[in-house]
Amino acid sequence: MHIAWTSFLPAVVVITIVPGPDFVLVTGNAVRGVRLGALTALGVVTGLLVHATLATLGLSALVAAAPTALLVVKAIGAAYLLYLGVMTLRSRGAAAAPPRSDRSVFLRGLLCDLLNPKVMLTFLSLVPQAMDPAAPPLPQAALLSAVAVGVFAAFWAVVVPLAGRLATLLSHPKVRPVFERLCGTALIGMAASVLAA
């Protein structure tokens with residue numbers, strides 16, 4: 001089995017480190033506390049696992065091939081990002097009405113990832129290109145998807161503690177509102193980009 005690791009791994013690393021909605025949400029929570037950031041990241045990684053599983057089983061390909069279904073997924077994803085962005089902007093330094101429970105923090109991360117069609121399309125575009133056409137597809141898809149999720153998880157394991165260290169700086173009354181406005185604006189911009197994609 002000749003998997004194209006030399007092209008797959010660099011592509012996954014680049015996609016991982018380019019900031020997106022997950023990054024904004026995780027770091028925004030992490031500066032309020034490493035525990036909050038870790039719970040959000042856990043939700044994001046769980047969402048990635050769902051996408052990876054669906055892509056491996058071929059269900060995501062069916063959604064991507066149906067224009068109406070993909071449009072619905074995009075609309076729901078954009079609406080959720082818009083909601084997060086607006087709530088962040090309205091918080092005035094209170095960081096988007098912090099969730100009241102661990103479960104709600106986890107669910108925000110999970111939904112942010114699950115409702116992002118770009119994540120689904122990433123798995124659908126990267127995984128097949130790296131597979132060996134002469135070998136059975138299912139084991140390869142499962143392995144490649146697992147590696148991709150592992151890379152993302154390792155990234156969050158580094159980012160969350162680093163963001164937590166910025167908590168003191170970002171809690172300053174003059175800095176915090178600016179940070180929240182940047183996060184909120186970024187989420188709204190990403191909502192627009194999801195619809196435009």
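I read along the sequence and found the pattern α-α-α-α-α-α-α-α-α-α. The count is ten helices and zero strands; helices (H or I) are DSSP runs of at least four residues and strands (E) of at least two, numbered from the N terminus.

I noted the ground rules. This is a predicted model, where local features need pLDDT of at least 70, side-chain atom pairs count only at pLDDT 80 or more, and totals for chains, interfaces and linings use all residues. Residues are numbered from 1 along each chain as its sequence is written, and side-chain values use heavy atoms, without hydrogens and water.

Next I looked up burial. Of the 197 residues in the protein, 42% are buried (under 20% relative accessible area, 1.4 Å probe, protein chains only).

Then I turned to helix α6, residues 102-114. Its 13 residues should span 18 Å at 1.5 Å a residue, and the end C-alpha atoms are 18 Å apart, so the two agree. The expected span is 1.5 Å times one less than the number of residues. Buried in α6 are Val105, Arg108, Gly109, Leu110, Cys112 and Asp113.

Last, I checked α3 (residues 34-57) against α8 (residues 137-165). They pack at about 165°, axes 9 Å apart; axes are lines fitted to C-alpha atoms over the stretch in contact, and angles run from 0 to 180 degrees between N-to-C directions. The pair is therefore roughly antiparallel (over 145 degrees). Their contact (heavy atoms within 4.5 Å) includes Val34 and Leu48 of α3 and Phe152 and Trp156 of α8. I logged its residues as 16 nonpolar, four polar and no charged.

Technical notes: Buried means under 20% relative accessible area, exposed over 50%, partly exposed in between (1.4 Å probe, protein chains only). Angles under 35 degrees count as roughly parallel, over 145 as roughly antiparallel, 65 to 115 as roughly perpendicular and the rest as oblique. Ala, Val, Leu, Ile, Met, Phe, Trp, Tyr, Cys and Pro count as nonpolar, Asp, Glu, Lys and Arg as charged, and the others, Gly among them, as polar.
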